[in-house]
Amino acid sequence: MALPTLDAFQVIADPSRREMLMLLSKDSLTINSLAENFDMSRPAVSKHIKILYNAGFISIQDIGRERHCALKQDGFNALHEWLKYFDQFWTSKLKNLEKLLNNKLPN
């Protein structure tokens, strides 16, 4: 069964995947090490890992018999660009408000 293609926001919408990303932000982990942190089957963890991998949030490297997962920047770029737009939007709005207030206040 093929996994559906998800955008970055759909990927991080799942609390388990967000927790996996938080765990991987501290250190790279094997899939088995990740699975120990969740009350779900190993195949369910593998499905989440595959979604994170396909979306570019993590890389997977085979070392011996183990598969090591590490964070990768690619998936976060889409989130960053979207948030950057709104960061600039609100910064502009607040600067305009500041100018307006400075012009209305008595000297």
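User: What stands opposite Leu29 in strand S3?

Analyst: In this predicted model, Leu29 stands opposite Cys69 in S3. Thr30 likewise has a counterpart in that strand, namely His68.

User: What makes S1 and S3 count as paired strands?

Analyst: Two strands are taken as a pair if at least two bridges are found between them, and two bridges join S1 to strand S3, residues 66-71. The pair therefore meets the cut-off, and the two strands run antiparallel.

User: How do you know that S2 pairs with S3, and in which direction do they run?

Analyst: Six bridges join S2 to S3, against a requirement of at least two, so the two strands count as a pair; they run antiparallel. Among the facing residues, Ser59 has Ala70 as its bridge partner in S3, and Asp62 stands opposite Arg67 in S3.

User: What lies between S2 and S3, and which residue in the turn has a positive phi?

Analyst: S2 and S3 form a hairpin with two residues between them, and in the turn Gly64 has a positive phi of about 65 degrees.

User: Why are S1 and S2 called edge strands?

Analyst: The open sheet has three strands in the order S1-S3-S2, with antiparallel pairing. Strand S1 (29-30) and strand S2 (58-63) each have a single partner strand, so one side of each is left without a neighbour in the sheet, and that places both at the edges.

User: Why is Ser16 called buried?

Analyst: Buried means under 20% relative accessible area, and Ser16, at 19% relative accessibility, therefore counts as buried. Ser16 lies in helix H2 and, leaving aside its neighbours within four places in sequence, is in contact with Phe38, Met40 and His48.

User: What makes Lys26 exposed?

Analyst: Exposed means over 50% relative accessible area, and Lys26 has 67% relative accessibility, so Lys26 counts as exposed. The residue belongs to helix H2, which covers residues 15-26. Between Lys26 and Leu71, the C-alpha to C-alpha distance is 9.5 Å, although the two are 45 residues apart in sequence.

User: Which elements make up the protein, and in what order do they run?

Analyst: The secondary structure comes to five helices and three strands, which run from the N terminus on as α-α-β-α-α-β-β-α.

User: How do you know that the protein is more spread out than a compact globule?

Analyst: The radius of gyration is 20 Å, whereas the globule rule gives 13 Å for 107 residues; the value is well over the rule, so the protein is more spread out than a compact globule. Along the principal axes, the C-alpha atoms fill a box of roughly 70 × 30 × 25 Å.

User: How much of the protein counts as buried, and what supplies the exposed area?

Analyst: Of the 107 residues, 22% count as buried. The protein exposes about 8000 Å², and carbon and sulfur atoms supply 54% of that area. Among contacts between residues at least 6 apart in sequence, 47% join residues at least 24 apart.

User: How many positive and negative side chains are there, and how far apart do the centres of the two sets lie?

Analyst: The protein has 14 positive and 12 negative side chains, and the centres of the two sets lie 7 Å apart.

Conventions:
Residues are numbered from 1 along each chain as its sequence is written. This is a predicted model: local features need pLDDT of at least 70, side-chain atom pairs count only at pLDDT 80 or more; totals for chains, interfaces and linings use all residues. Side-chain values use heavy atoms; hydrogens and water are left out. Helices (H or I, at least four residues) and strands (E, at least two) are DSSP runs, numbered from the N terminus. The radius of gyration is taken over C-alpha atoms; the globule rule is 2.2 Å times the number of residues to the power 0.38. Buried means under 20% relative accessible area, exposed over 50%, partly exposed in between (1.4 Å probe, protein chains only). Contact means heavy atoms within 4.5 Å. Accessible areas come from the Shrake-Rupley method with a 1.4 Å probe; for residues, only the protein chains shown count as cover. Lys and Arg count as positive and Asp and Glu as negative; His and the chain ends are not counted. The place of a charge is taken as NZ of Lys, CZ of Arg, CG of Asp or CD of Glu.
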